[in-house]
Amino acid sequence: MASDSHTNNCTWAAPPNASYDVFDCPLNTWANSTEEYCLLHGNSSDGQKPQDEVRAAVEQLTNHSDEVAEIDLRGLADGSTLDFSNIDVYDSAFCDATLEGADLRTKFKNVDFTGANLSEADCRGASFRGCTLNETTLRKTDFRKGKTTCYNTSFINASCNNTFFQGTTLKKSDFTDATLTETKLAGSQCEKVDFTQTDIFDGSFQGSTCSEADFTDATIQSSGFQGAKLDKADFSGARIADVKYWGSNLKDAMFSGCVISDTSFVRADLQSALFIDATIGRKTTFREANLEDMNFSTVRLGSDVYFGARLLQEYKADYRAGWQRVWNCISNNVNPLNFSIGPSYVLATASGEVDSEPAGKIKDTDRENTDDRSLLALTESNKWEDVPNCIQDSPPESSLEPLYDRKLWFRCTSRWYWYAATIFPGLISTCSEEVDELYDESERLYGAIEAGYAGTASGQERRRFNIRQNATRQKQLGFGYVRQQLLKRTMLYGESPAQVLRFTSLIILFTSVAWVGCGVNIEGQSVHIGYPSEGIIQSGKYWIQLAEHAVRQLIGVGSTQVTPQGVVGQWLETTLAVIGNLLFAIFVYTLGRRATT
């Protein structure tokens, strides 16, 4: 509010219905002003205002008032020594001004900084509500600490090089067409911020809140979003490369039409995220991410996209279905039901504890029990600079994959216990409906991922996820169990011609031994178990002839040298002919699937 004790020689006056409470100016009239305004309000005939006189005018103004409105410093050649830290500025113009290194720790409202140079300016604790910073240069500008507010601020086409926004409130700000290079936004509040067509290189968004932010058609490279809250964020059409989303909250996020590569979604919460028409490839990983209700409709997946040995839902189902005492013993008490997903995961170190040194007084907590409040407490504790330091650059290794990969008996424990528990429900306390729902969700996701590989050159990956889908279905004991077992043993769910040949070899071996047990006539010699012993044990000739006869029966070519004896032997010969026709059809089917994929 202007002071009433000083004479106001400047003729500037606030317009009617002004949104501020500044009514007049205490400065003297400037000689070069054509409107009898002071140096700060007036327009120079040559467009220039002397630096020293501007600095003196600002100092004089701060001695008489704590607010100023509609000052005009457009095109100021050198404002590096200006200090606005003790005065609030409203509805003013700093267009194309050079404010490099200036002290701007104050409240700006509806101020136009279009084209200004704010490099290395001190904006800590400032408020830029409703301001326009379009095409500004913000190299090493410091917006940290003091809860800086840039609410509804426009940064359109701004150049932010190594700018510090840690802990800044940027709600509803607009960064359209801006360039953010090595810009730090860790712990910042970026709800509903518009990053449309923004170029983000080496950005730091760890622990930030970017709910409903718009990254449409943005280019994001080599940036970190670990632990960021990006629920309902829109990345449609963005080009994303070498970005770390692991441990982030991406519920209901939109990635339609994206091109994603070298990106980590480990332990990210991608529930109901949409990847319609997206292209995902080149070392992108979704290990142990929450993919519940995720839509892979029309997505194209590359051969080196990694979803882990199992999906998180299958891990949880196996744990629920299994004998949990045995599980805890052989897995060192790793419980997938307690796995932290999203921001609660990123504060964990490789040892499973929060790194307490950079995190200040954040209590050491086991990784699996850490919740989002731990990271939120850090981002709200004026320690935004520490957020990237207490988050690992790479996610911890999986604690479950080594068990599934190396211990066959561990993989079998859950399945057989679940089968027994289905017959005897008293064996487990968990409800079967919950286990079935987890297996059903796993099966659906495996099918969706398989569909993402359809029509691509990654036939091997498509086959792998078809196998995983059927293997998950097989774990659900029911009327389809026998069918799934037959599909697996005969042709590996239609994916392996080699499996058909292996199964055929077993059939040949079985029938050869069975014929000897039933009795068979070979070249007029009656052969059965125990007679003659030299024909069975000492000579391999009979076995070769039996195997040859089995092969002939399978392919439909008869043999006169071998004649089964008895009803069982003859029935076995007829059955073998039928099985041969079925196996031939199965073999052609698997070859056709392999050729088309």
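Let's start with helix α2 (residues 312-321): 8 of its 10 residues are buried, so this helix is largely enclosed by the rest of the structure. Buried here means under 20% relative accessible area, while exposed means over 50% and partly exposed lies in between, using a 1.4 Å probe and protein chains only. The buried residues of α2 are L312, Q313, E314, Y315, A317, D318, Y319 and A321.

Before going further, please keep in mind that this is a predicted model, in which local features need pLDDT of at least 70, side-chain atom pairs count only at pLDDT 80 or more, and totals for chains, interfaces and linings use all residues. Residues are numbered from 1 along each chain as its sequence is written, and side-chain values use heavy atoms, with hydrogens and water left out.

Now for the overall picture. The protein has 13 helices and 15 strands; helices (H or I, at least four residues) and strands (E, at least two) are DSSP runs, numbered from the N terminus. Of the 597 residues in the protein, 51% are buried. Among contacts with a separation of 6 or more, 33% join residues 24 or more positions apart, where contact means heavy atoms within 4.5 Å.

With a relative accessibility of 2%, E288 counts as buried. Apart from neighbours within four places in sequence, E288 is in contact with R267, L312, Y315, F339, I341, S398 and S399. Y315 is 27 residues from E288 in sequence, and their C-alpha atoms are 9.0 Å apart. The E288 side chain also makes a polar contact with the side chain of R267, at 2.8 Å. A polar contact is a pair of N or O atoms within 3.5 Å; within protein, one must be able to donate a hydrogen and the other to accept it, and residues adjacent in sequence count only if both atoms are side-chain atoms.

Other loops hold buried residues too. D103 is in the loop between β2 (88-90) and β3 (107-109), and its 14% relative accessibility makes it buried. The side chain of D103 makes a polar contact of 2.8 Å with the side chain of R105. Beyond four places in sequence, D103 is in contact with L82, D83, F84, S85 and D122. S154, in the loop between β4 (127-129) and β5, is buried at 12% relative accessible area. Not counting residues up to four places away in sequence, S154 touches C131, T132, L133, N134 and D174.

F164 lies in the loop between β5 (159-161) and β6 (179-181) and is buried, at 18% relative accessible area. Setting aside neighbours within four places in sequence, F164 is in contact with K140, T141, D142, F143, R144 and K184. F164 and K184 are 20 residues apart in sequence, with a C-alpha to C-alpha distance of 4.9 Å.

Most residues other than glycine have a negative phi. D202, however, has a positive phi of about 55 degrees; D202 is in the loop between β7 (199-201) and β8 (219-221) and is partly exposed at 41% relative accessibility. The phi of D252 is also positive, near 60 degrees. D252 belongs to the loop between β9 (239-241) and β10 (259-261) and is partly exposed, with a relative accessible area of 41%.

Finally, let's turn to helix packing. Helix α10 (residues 497-518) and helix α12 (residues 541-555) pack at about 120 degrees, with axes 9 Å apart. That angle makes α10 oblique to α12. Axes are lines fitted to C-alpha atoms, for helices over the stretch in contact, and angles run from 0 to 180 degrees between N-to-C directions. Angles under 35 degrees count as roughly parallel, over 145 as roughly antiparallel, 65 to 115 as roughly perpendicular and the rest as oblique. The contact of α10 with α12 involves 10 nonpolar, 5 polar and no charged residues. Ala, Val, Leu, Ile, Met, Phe, Trp, Tyr, Cys and Pro count as nonpolar, Asp, Glu, Lys and Arg as charged, and the others, Gly among them, as polar.

Helix α10 also packs with helix α13 (residues 566-596), at about 175 degrees and with axes 9 Å apart. These two helices are therefore roughly antiparallel to each other. Their contact has 15 nonpolar, 4 polar and 2 charged residues.
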